[in-house]
There are 2 protein chains.
Amino acid sequence: MKTVTSVKALREVLSAVDSTGIGLVPTMGALHAGHRSLVERARRENATVVVSVFVNPTQFNDKNDLRNYPRTPEADCALLEAAGADVVFMPSVEEMYPVPDLRQYDFGRIDKVMEGATRPGHFNGVAQVVSKLFAMVQPARAYFGEKDFQQIAVVKSMVAQSGFPLEIVECGIVRGDDGLALSSRNALLDAAHRAAAPDICRALRLGAERAAGMTPAELADFVTRETERSGLLEVIYFQSVDALTMQQVAAWDESERIQGCIAVQAGAVRLIDNIRIK
Amino acid sequence: MKTVTSVKALREVLSAVDSTGIGLVPTMGALHAGHRSLVERARRENATVVVSVFVNPTQFNDKNDLRNYPRTPEADCALLEAAGADVVFMPSVEEMYPVPDLRQYDFGRIDKVMEGATRPGHFNGVAQVVSKLFAMVQPARAYFGEKDFQQIAVVKSMVAQSGFPLEIVECGIVRGDDGLALSSRNALLDAAHRAAAPDICRALRLGAERAAGMTPAELADFVTRETERSGLLEVIYFQSVDALTMQQVAAWDESERIQGCIAVQAGAVRLIDNIRIK
């Protein structure tokens, strides 16, 4: 496994390999078994696996969140080596942003709801950094986890608008034994909130089971109540949305493919999760 | 020489070649000796030469200009074959814009003057299409003619913001025997305006020779008078600008590298040209 920190070194390594066989897993580090499953899938489907590890400042609307975001570069490299990555790209902020990135994306209605509505600028920053990584790595396939469900829709729109000739591969959520969706932010939970956090998944699963007997509005009330039962978690939103447009449905027959998406404040930590409803 | 019209076919052809040896010449077709010189230079400097031929609608602020823009695909292919191109990419508008491209670029002061000030939206469209071509072709080098002097500054800024790992190669203006800068739009000039058009270059050359004895403002008056002497040409602007920032200088010692840039209305046709002053 080669670790590179500059675009120049990255291009030198990648110019020697078949460009149709490059799979990219973009990450912000603090890697866990969810990331590992992405890398393992990329390993199975590509001759060359590139993993980027970069905490992207432009996608943090909250500077405290950026400051507190966990950083574990040595452990990340060990996990990536074990998972079979070929190249780890760990650039500095200056390497990724030699000049200010002033590009403004417009994703129509996709980013006006949920994470986009509650984290202003977040998805524009995601699109900026992912588009840079695609320009630099020139992958044939890029792997994203469905925990960030809305992010995948944003990235797909960015790709279609930008003309990148690559495939976005969506990978299912990896959960702990207690159901909690794996997230680098879980490491920031205190003991009490960590103990309560599996209520999120439990509420989603219960909600998905019982959804047919409720309206989407009733389901939102139900999932919120179930999630908040410990008194420690606060639901920021729960929405049943069309899986392509991210727009809320008012009835189950409004869409063929509906996902229930939730954001939760767990003490100082903001968590998201989602589940297929239809 | 292979001609491809889809991104898929383009990638199939290019995935078989060394990506460090791809040179791209982006054009809007109606090719002339100026384009040919770009292709010939790319031929000397790259193992694989790709030329794109695409009249990009998003960079036309004037729909009549878009409708009237000359289109000569058969002659273009003959010229490109003779100049040694390997791949010609001639996509449809639908192939380049499968979804509306809503990306908004910000180039600071670079695109607020000259062409940017007189052609609203033009440079945003240029940046959109050039960034798409870079994403699709993944060239190591891309060739641009200095006739579109401000465009090169815009493209360089787009590249720096977007992270494309490539070199922008600036190529000198190619002129006819009478000095007129070669342009696809020259073909649209009527006989009288065609006869008057060499006054543009003559005025620029005379101005560059005598600039040291004048202020930038006096030079602008001088070049305008000389350009307009036939009564057929109308100067839209003449500005002496810093070659990096595109900002007007008020005195020659304000910058190390100054270019005199002109736009002229010649009947129904808008022409541009420029010359090095310092």
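In the predicted model, Arg43(B) is partly exposed, with a relative accessibility of 26%. Its salt-bridge partner is Asp86(B), and the closest N and O atoms of the two residues are 2.9 Å apart. This pair links distant parts of the chain, since 43 residues separate the partners. Arg43(B) belongs to helix 2 (residues 33–45) of chain B, whereas Asp86(B) sits in the loop between helix 4 (73–83) and strand 4 (87–89). Asp86(B) is likewise partly exposed, its relative accessible area being 27%.

In chain B, Glu12(B) and Lys8(B) form another salt bridge, with 3.2 Å between the closest N and O atoms. These two residues are both part of helix 1 of chain B, and again the spacing is 4 residues, about one turn of the helix. Here both Glu12(B) and Lys8(B) are exposed. Over all chains, the count of salt bridges comes to 32.

The relation between the two chains was examined next. Chain B is superposed on chain A by a rotation of 180 degrees with 0.0 Å of shift along the axis, and the RMSD is 0.0 Å. The two copies are therefore related as by a two-fold rotation axis. The same surface serves both copies, as 100% of the contact residues of chain B recur in chain A. Among the residues of chain B, Gln104(B) comes closest to the rotation axis, with its C-alpha at 2.5 Å.

At the interface, 26 residues of chain B are in contact with 26 residues of chain A. The area buried between the two chains is about 2,100 Å², and carbon and sulfur atoms give 59% of this area. Arg103(B), Gln161(B) and Pro165(B) supply 26% of the area that chain B buries against chain A, more than any other three residues. Between chain B and chain A, the count of salt bridges is 0, while 7 residue pairs are in polar contact. Three helices of chain B, namely helix 1 (7–14), helix 7 (122–137) and helix 8 (149–162), each supply at least two residues of the side that touches chain A. The largest share of this side, 4 residues, comes from helix 7 of chain B.

One position in chain A carries an annotation. An unreviewed UniProt entry places the feature "binding site" at Gln59(A). This residue lies in the loop between strand 3 (48–53) and helix 3 (63–68) of chain A. The relative accessible area of Gln59(A) is 8%, which is under 20%, and the residue therefore counts as buried. Leaving aside neighbours within four places in sequence, Gln59(A) is in contact with Met28(A), Arg119(A), His122(A), Gly125(A), Val126(A) and Val129(A).

Terms used: Residues are numbered from 1 along each chain as its sequence is written. Chains are lettered from A and ligands numbered from 1 in the order in which they are written. This is a predicted model: local features need pLDDT of at least 70, side-chain atom pairs count only at pLDDT 80 or more; totals for chains, interfaces and linings use all residues. Side-chain values use heavy atoms; hydrogens and water are left out. UniProt positions are given in the numbering used here, feature names are shortened, and annotations may be inferred rather than shown by experiment. Buried means under 20% relative accessible area, exposed over 50%, partly exposed in between (1.4 Å probe, protein chains only). Contact means heavy atoms within 4.5 Å. Copies are superposed by least squares on the C-alpha atoms of residues with pLDDT of at least 70 in both. Buried area is the accessible area (1.4 Å probe) that two parts lose on being put together, summed over both. A salt bridge is a side-chain nitrogen of Lys or Arg within 4 Å of a carboxyl oxygen of Asp or Glu. A polar contact is a pair of N or O atoms within 3.5 Å; within protein, one must be able to donate a hydrogen and the other to accept it, and residues adjacent in sequence count only if both atoms are side-chain atoms.
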